[in-house]
Amino acid sequence: MTENDQKQLGKTLWNIADQLRGSMNADDFRDYMLSFLFLRYLSDNYEQAAKRELGADYPKSEPAAAHDETKPPLARWYEQNPDDIEEFEKQMRRKVHYVIEPDYLWGSIVHLARNQSGRLLDTLQTGFKYIEERSFQSNFQGLFSEINLASDKLGRKYEDRNAKLCSIISELARGMALFSTDTDTLGDAYEYLIGQFAAGSGKKAGEFYTPQRISDILSAIVTLDSQAPEEGPRKKLESVFDFACGSGSLLLNIRHRMKEAGGSIGKIYGQEYNVTTYNLARMNMLLHGVKDTEFEIYHGDTLANSWDFLRETNPAKKPQFDAVVANPPFSYRWNLGDTMSEDMRFKNHGVAPKSAADFAFLLHGLHYLKEDGVMAIILPHGVLFRGGAEDRIRRKLLEDGHIDTVIGLPANLFYSTGIPVCILVLKKCKKPNDVLFINAAEHFEKGKRQNQLTETHIGKIIDTYQFRKEEARYARRVSMEEIEKNDFNLNISRYVSTAVAEEEIDLADVHRQLVDIEKDIVKAKDKHNAFLRELGLPPLP
């Protein structure tokens, strides 16, 4: 399937969603849509693996014309081979890391929907619970917790809700049948739908979605060699962490980039406070082929450091990551009491003010960064110059040599805010004794709703960071001495101004031009007066 077909599948499903939503809340309907797409992915992947495992014993499909009206072939194998099921499922857990009983496969669900079966709703509820608790070796408790199949939004009576679900699932199946889908394509469609729902969510979009182009910048930075970016991509990232991971798209972008460069990635770690978004992230990982043993997403408060895994007090056992990325909520108001000054994350640098947790998020990530790791975080421009506690934290970070690069981005790139933002690149052990400033604020393509970064814009930012290039009105390496003279203010325009210098005026040349103009005026006046005298008219004085 071509890239165009992959996008077209996402658009087709989006159009179906738009038609079916009716009076339902957009966020609620998003959760239904993405959950059904996730179920389709799990089913397809499982059935393909089962076909390979069973070989010639795998039942043949029904004739194409009737295929969508029948149960999946695997359901027939289960019925015909009850004594072999336990061993078969043991093998499937070993090879694909999960099991789905035939009644809960997408094909079985579609069969019930198309036949308007009154058992559809109950089967979905039982199937979702089965996937949460029994499908995987890991427990995915609450994975479908936001899918309330008993909600009045689907209908007041069971029959009404069941009929609504029959309609939704039948239409989704019809849309997907138009394309020869594979598991990669379904992952792309999932990403497309998340982006579309984000576009319609306004400020709420910031809770779960980092625009793809900005994600590309962060993923490129952290996958380059941390100490010598000019050497190119790393061969292996043992671990990567996003402590405000949203739907997990940024983490997946890093994984994709590593694999595309011929490298590998160990384990993916994410944390998310919003339970709906947390579930989207877990689905997103599985839907993109990340095995349940290859990632861990935790639901909890990052600022309160509620994840026990991160609260290890023994320095030798403290979790540390090769790469840390984040797009946390901007200038988030927080107040966790007076004991924060003793928190191991903030003890060396200070506590961010209650009015803006930006530096609290940054210090949280930096605390868990390996000595030779790299961190890239998206923050509002205020962190570069605000005073008070933030000034003290910024000064300490600079004095300790942790701030490597400051990248200024254009305004209106996000769905959630129109303000310009910056990317801070931090390292615990950086080699250059300067800070690279990249002022990319005026390098964008204007869009109807949001401004856009093209591949050219992104390539220029990454190339400038990688080779630490300098360019007038775009990028400059600034010594610590100069930054100290500016009282540790990191406002980008202080160091890289995009203003065009006025052309220098040569006063002697201007004087000569004026003298020549005066002579021309005298000549023109004499000639004009000659004409006036011939006509008997008074000359000009």
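Predicted model: local features only at pLDDT ≥ 70, side-chain atom pairs only at ≥ 80, totals over all residues.

Biologist: Let's start with α11. Which residues does helix α11 cover?

Modeller: Helix α11 covers residues 275–287, 13 residues in total.

Biologist: How many residues of α11 are buried?

Modeller: Twelve of the 13, so α11 is largely enclosed by the rest of the structure. Buried means under 20% relative accessible area. Among the buried ones are T276, Y278, R282 and L287.

Biologist: What happens at the start of α11?

Modeller: A side-chain oxygen of N274 comes within 2.9 Å of the backbone nitrogen of T276.

Biologist: And which residue takes a positive phi just after α11?

Modeller: G289 does, with a phi of about 80°.

Biologist: New topic: α3. How many of its residues are buried?

Modeller: Six of the eight in α3, residues 73–80. That helix is therefore largely enclosed by the rest of the structure.

Biologist: Which ones are buried in α3?

Modeller: P73, L74, A75, R76, W77 and Y78.

Biologist: Now N314. Where does N314 lie?

Modeller: N314 is in the loop between β3 (295–299) and β4 (321–326).

Biologist: What is the relative accessible area of N314?

Modeller: The value is 32%, so N314 is partly exposed.

Biologist: How far apart are N314 and S247?

Modeller: They are 67 residues apart in sequence. In space, N314 and S247 are 31 Å apart, C-alpha to C-alpha.

Note on methods
Residues numbered from 1 in each chain as written. Heavy atoms only, no water. Buried < 20%, exposed > 50% of the residue type's maximum accessible area, 1.4 Å probe, protein only. Helix = DSSP H or I, 4+ residues; strand = E, 2+ residues; numbered from the N terminus. Expected span 1.5 Å × (residues − 1). Polar contact = N/O pair within 3.5 Å; in protein donor to acceptor, adjacent residues only side chain to side chain.
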